[in-house]
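This report describes selected parts of a structure, from a single residue to the contacts between chains. Please look at the sequence and the model first.

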Amino acid sequence: MTHDVLVIGAGPGGLSVASGLARAGACVQVIDEQPYAGGQIFRASEKSARAGNEIRGWLGEEYSGGLDLIRSAKRQERIDWQFATSVWDIRCEDDHIELGLVHGETASITQARHVVLASGAMERPAPFKGWTLPGVMGIGAAQTLFKDAGLVPENGVVLAGSGPLLYLFANQLLSAGVRPGAILDFAAKWVSAQHLVPLTRVAWHSRTALLKGLKWRSRIARAGIPHLFGVDELEAVGKDEVQGVHYRKGGQSHQFETSLLLVHDGVIPNTHMTVAAGCDHNWLAQQQYWQPGLNDKGQTSQQGLWVVGDCAGIMGAEAAEIQGRIVARNIAGKLGLAIGKAEATQAQKDLAELKKLAALRQFIDLQYPPAKTFATPADDTVICRCEAVTAGEIREIAQLGCQGPNQARAFTRAGMGPCMGRGCGLSVSRLMAEVSGNDIEQVGHYSTRTPLKPVTLSQLASLNDT
Amino acid sequence: MADYDVAIVGGGLLGSAFGWGLARAGARCVVFDEGDNAIRTARGNFGLVWVQGKGQNMPAYASWSLRASRLWGDFATELCEATGINLQYVKGGYDIAADEQELEQTIAGLKKIQAQMGGAAYDFEVLDHKVLKSEIPLVGNIPGATYTEHDGHCNPLLLLRALHQDMQAKGALYRPNCPVASVNPLSGGSYQLLDRSGNVLATAGKVIVSAGHGSRRLNEPLGIDLPIRADQGQVLVTEKVAPVMKHASSSVRQTDNGSFLLGPSSKDVGHDTRTDLKTLAAIASRCITIFPFLGSLRLQRAWGALRVMTPDGNPVYQQSEAHPGVFSFACHSGVTLAAVHAFEVASWVTDGVIPAEFGVFHPRRFNV
Amino acid sequence: MFRRGQEIANPVRFKFNGQTITSEDGDTIAAALLAAGVTHFRTAPEDASNRGPLCMIGNCFECLVDIKGKGSRQACRERVVEGMSVRSHPGLVVPKAQP
Ligand SMILES: Cc1cc2nc3c(=O)[nH]c(=O)nc-3n(C[C@H](O)[C@H](O)[C@H](O)COP(=O)(O)OP(=O)(O)OC[C@H]3O[C@@H](n4cnc5c(N)ncnc54)[C@H](O)[C@@H]3O)c2cc1C
Ligand SMILES: Cc1cc2nc3c(=O)[nH]c(=O)nc-3n(C[C@H](O)[C@H](O)[C@H](O)COP(=O)(O)OP(=O)(O)OC[C@H]3O[C@@H](n4cnc5c(N)ncnc54)[C@H](O)[C@@H]3O)c2cc1C
Ligand code: FES
């Protein structure tokens, strides 16, 4: 074993844990499938900095700020960077963890005693009628195109769903000179009375974040972009691609013409890898997602496997960075590395800061709950895009006594396609819970098997020679 | 009177075939099954309806498999008519050899079965490279294959679904998430099935223990010996491909939806269903030799599943002497044998006796 | 659907379904195709419907394309290379005999 610790993911969480460990004297390797550091939030930050282009300006200060984090990590000599390398297999043994990697066309196997997963989040799949049409995409997806390639939607793009990302992205578009056709907001316009208490609790120390949100919204209003609150149903229409969107609000149907419908229903942890590694998971009912169960140090139920950042539960980039520092100290402790005095004082501050962020997150979560319409798709809505399985089929087999999502996968092929159930896993569990009347916790989730990322048979076969 | 004529423990391929066969014959029956994450071989197998290689050390098993294969077409048709589910059964199967040695072994094995069965009852062809290539143009530079009409393949997941669906339509009760902890003989000759807390789940005149790897635990307190172990098999499945081969081969087959199934391996690793890269790599290598185009395909998924393996690899069918209403059945090849399990074994249970000709399958054979 | 926020500075040319597309060096194939107005990336094998990118981070596989010499690949994870030949994914791979 050539490294003390392998870190999967070079977003805020992974960069922070790797820097912390390197500073403590550990030998670390960071693996990311992207060709550069930054993760989702700071995607392609280095690339656009090199070009010195306008795009950075359009994306805003927060995005530009990520460069400092990346540069400070890159100064650490003890970090070995493996970009454009994806992790497609994970296997936990008693005293080490083995990973299968692909870089270019070459597959390899690596192992270490400690592995930190900082593989981030994904946008929550939001099934609705017509969502398989080309031209329906995630808001995060469009933002990725913006950051990575400087692509912007054409005027008239419709943004739908809920959460702060809706407002942030609309602002980024306005900066780039793009006028969205409409914002179909699933959230209510004002904070509801029942959320006022958590709001006052976070109001003061999270004032910057809250003000930022208000500023985004008022800019949308000032620009005269139709911003409709309290939308509760969506349908994309078109023959071979999106031509328009129908939506319902207050019991009335309306429509917009558009060739691009961007949808966002929050993000959820990317648990594909922790499930494959055999870790225990908990169901977070309020946010409707699975998260790996962690001990107070950040370690999963598998010895030597740690998780930081959004793949441990959605807390945002700042929290990911703090968690990274905390877990770095905990692993350094296990490796018998000394921790300096400055680090020890930082530890106290980190815990306090994390608490504040948790309170802010609680408010955001209450204000932007997952939309009901995506959780209860109509019978004819496709929920497994890969195998074209509808919600109705899942309900039908659930009525036949099919025990849970894994049997449902066997019976219907939902979750057997190329995405391996990333897209339909939550929907299938939810539908089975709906029919059986059981809690999702009891119903359970898909099991995940190799490969976690694409690998060809000849790449796999080449491992025979190693 | 007992609640049911027959209670079946285990809703895998064995239990479901019995449940369907019994319900079809008009018996009142209930099938108990575990939850979603149970060890369920029925969900991890290769989908072959296969005779080759079966019973090389027990002629009765070879003829039993052959009988199953002959009934399979009717079995699939009947299930399809009842449920609308097409089991994708295709008759006829190859055994494609990756090298000369494999081919020789396969031919020797087939000749042995043929001798056991008395010639004409079991015919097969040997195809050299040229003939095979004319049938499947994409084969690589390999020596050839054998082919027999008696082998075939199906979609085993749809088989399980159809059995579950239709046994319920025919009146059987399916009880998922309902593990049986013990079987308790009652004085009048019937039986109670109890859960972990000792609650009575059902009473039944007869009980079939067909709980796969869970059977031993239920059998032991009843004094029934069931010598089985887990033999792990790993399987790979590729992305979907336009039609290349219609008939299965024992280690490579193309499914109805286009993907290729490769494998399965065989290894003793206890009750561990995880895959390992060395095993997967070995399967991939061998299959690329057979079909070079497989190399550029994306691996879609791989899994491990646990065969129910007896010491000689042949089935165990037994009726308890102390508790004659209790039957304990276990075997590998539950897909192949599903047809005989449904059409024939189910009636052994209603008749209350295993016909003498099947005495060879009693596990007392391991004690001599 | 999309347009480039900036002019192409370092052009890279490749073929998509036989037509030449010019893109920025370092673009993902998905970005290059979307910028060129392509919406149909793959045909779903199960219902023959048109599909295009959904997530852009490698999760949904809706962006599958066929890259000559490489096979089925996610357009959002592969970068353009001068002279490469890309086709929309037919749903079922059409295998070719190896030389
Ligand atoms: C598409 C998208 C866009 C987002 N945009 C914003 C934004 O603009 N502002 C904001 O505040 N939040 C945004 N978020 C939320 C974001 O998750 C967090 O704010 C932040 O990026 C979390 O940091 P992280 O370190 O936990 O993970 P990430 O930043 O997500 O980093 C995870 C890294 O792991 C790598 N990775 C994952 N799996 C593998 C694998 N198998 N092999 C190799 N590498 C792998 C990924 O390539 C990625 O670089 C976005 C989320 C998504 C999904
Ligand atoms: C890799 C591999 C490939 C194979 N390929 C083929 C093939 O090509 N052709 C073929 O014919 N066969 C094949 N098989 C074998 C075939 O899958 C099995 O013979 C068949 O599934 C066994 O059925 P079963 O019912 O005995 O066991 P299982 O399918 O495992 O079912 C047992 C059931 O009992 C339940 N259970 C256990 N304990 C209890 C309890 N206490 N109470 C209630 N329920 C309980 C379990 O939850 C499970 O549902 C293969 C097997 C493997 C592993
Ligand atoms: S767009 Fe989702 S995987 Fe490429």
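In chain A, helix α6 (residues 164–175) contains A:Asn171. The model described here is predicted. Apart from neighbours within four places in sequence, A:Asn171 is in contact with A:Trp216, A:Arg219 and A:Ile220.

Strand β14 (residues 231–237) of chain A runs antiparallel to strand β15 (residues 244–249) of chain A, and six bridges join them. Within this pair, A:Ala236 has A:Val245 of β15(A) as its bridge partner. The two strands form a hairpin with six residues between them. In that turn, A:Gly238 has a positive phi of about 150°.

β15(A) also pairs with strand β16 (residues 252–257) of chain A, again in the antiparallel sense and over six bridges. Here A:Arg248 has A:Ser253 of β16(A) as its bridge partner. The hairpin of β15(A) and β16(A) has two residues between the strands, and A:Gly250 takes a positive phi near 55°.

The size of an interface is often given as the accessible area lost when the parts come together. The table gives this value for each interface.

| Chains | Buried area | Share on carbon and sulfur atoms |
|---|---|---|
| Chain A and chain C | about 3,500 Å² | 52% |
| Chain B and chain A | about 3,600 Å² | 51% |

Take the contact with chain C first. It involves 51 residues of chain A and 33 residues of chain C. On the side of chain A, the residues that lose the most area to chain C are A:Pro134, A:Leu151 and A:Arg385, together 15% of what that side buries. The rule finds five salt bridges across this interface. In one salt bridge, the side chains of C:Lys70 and A:Glu105 meet at 3.8 Å, N to O. There are also 14 residue pairs in polar contact across the interface of chain A and chain C. Several elements of chain A, including α5 (139–149) and β10 (151–153), each supply at least two residues to the side that touches chain C. With six residues, α5(A) gives the most to that side. By type, the side of chain A that touches chain C has 25 nonpolar, 13 polar and 13 charged residues.

Strand pairing also crosses between these chains. β10(A) pairs with strand β1 (residues 2–4) of chain C in the antiparallel sense, over three bridges. In β1(C), C:Arg4 stands opposite A:Leu151.

The other interface joins chain B and chain A. The contact takes 46 residues from chain B and 42 residues from chain A. B:Arg161, B:Leu277 and B:Arg301 supply 21% of the area that chain B buries against chain A, more than any other three residues. The count between the two chains is three salt bridges. B:Arg161 and A:Glu396 meet through their side chains in a salt bridge of 4.0 Å, N to O. Across the interface of chain B and chain A, 24 residue pairs are in polar contact. Which element gives the largest share of the side of chain B that touches chain A? That element is α7(B), with eight residues. The residues of this side divide into 18 nonpolar, 15 polar and 13 charged.

Terms used: Residues are numbered from 1 along each chain as its sequence is written. Chains are lettered from A and ligands numbered from 1 in the order in which they are written. This is a predicted model: local features need pLDDT of at least 70, side-chain atom pairs count only at pLDDT 80 or more; totals for chains, interfaces and linings use all residues. Side-chain values use heavy atoms; hydrogens and water are left out. Two strands pair if DSSP finds at least two bridges between them. Helices (H or I, at least four residues) and strands (E, at least two) are DSSP runs, numbered from the N terminus. Contact means heavy atoms within 4.5 Å. Buried area is the accessible area (1.4 Å probe) that two parts lose on being put together, summed over both. A polar contact is a pair of N or O atoms within 3.5 Å; within protein, one must be able to donate a hydrogen and the other to accept it, and residues adjacent in sequence count only if both atoms are side-chain atoms. Ala, Val, Leu, Ile, Met, Phe, Trp, Tyr, Cys and Pro count as nonpolar, Asp, Glu, Lys and Arg as charged, and the others, Gly among them, as polar.
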